[in-house]
Amino acid sequence: MAVSAPDLKTFLLATPFFGGLSEAGLDLLISMLVERRFDAGATVVAEGEPGRSMFIVESGRLAVSKRTSSGSIIPISVLERGDFFGEMTLIEMQSRSATVVAEVPTVLFELTAKNLYACYKADIHAYVIVLQNINRELCRRLRRADERFTARQVREDNDDA
């Protein structure tokens, strides 16, 4: 189902993914989004599967996790309204790096790699802003991961003392 809600622009402009886009760039990207609905417990993407799209959370809550080599599942984060995920596959063209499961009924907007490339061809300025927004979010996530890693190391060092 194509997206066409009147207040959709306001919602999308408030998300990190769409911030800073012109009216025309936003309209172009909105025309490329597809609404996806998931029931509670549904797997949206699975770690290791091919990925060629990303998602913006319109409503709901999703759990992100990774599987260890021993088979344990490690919770990574929780995603809610305005968050986005799956963007790494659009940049590096690799398999999904984590599993994302809907914890409650969830509505997502999907943007495929094919449509992002169409954005590049149609409006290079909008495309550059989207990539900058993705890069900013990836940097924020890396900083948070660094902080968690450092905090864990400090706890382990204190436990050893």
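Predicted model: local features only at pLDDT ≥ 70, side-chain atom pairs only at ≥ 80, totals over all residues.
The C-alpha atom of Thr-15 is separated by 16 Å from that of Tyr-127, a residue 112 places away along the chain.

Ile-124, which has its place in helix 5, is partly exposed, with a relative accessible area of 45%. Together with Tyr-117, Tyr-120 and Val-128, Ile-124 makes a nonpolar surface patch of about 380 Å², to which helix 4 (113-122) and helix 5 (124-160) each supply at least two residues.

The two residues whose accessibility has been described are set side by side here.

| Residue | Relative accessible area | Class |
|---|---|---|
| Ile-124 | 45% | partly exposed |

The largest pocket has a volume of about 880 Å³, and its lining comprises 31 residues, of which Val-64, Ile-76, Ser-77, Arg-141 and Arg-148 lie nearest the centre of the pocket. Two or more lining residues come from each of strand 4 (61-67), strand 5 (73-80), strand 6 (84-85), helix 3 (87-92) and helix 5. Helix 5 gives the most to this lining, with eight residues, and helix 5 also supplies at least two residues of the nonpolar patch.

Note on methods
Residues numbered from 1 in each chain as written. Heavy atoms only, no water. Patch = residues over 30% accessible without salt bridge, like charges linked within 9 Å, V, L, I, M, F, W, Y side chains within 5 Å. Areas by Shrake-Rupley, 256 points an atom, 1.4 Å probe, with all protein chains shown as cover. Salt bridge = Lys/Arg side-chain N within 4 Å of Asp/Glu carboxyl O. Helix = DSSP H or I, 4+ residues; strand = E, 2+ residues; numbered from the N terminus. Buried < 20%, exposed > 50% of the residue type's maximum accessible area, 1.4 Å probe, protein only. 1 Å grid on protein atoms, 1.4 Å probe; cavity = no way out; pocket = protein on both sides within 12 Å on 5 of 7 lines; lining within 4 Å. Points joined across faces, edges and corners; volume = space filled by probe spheres on them.
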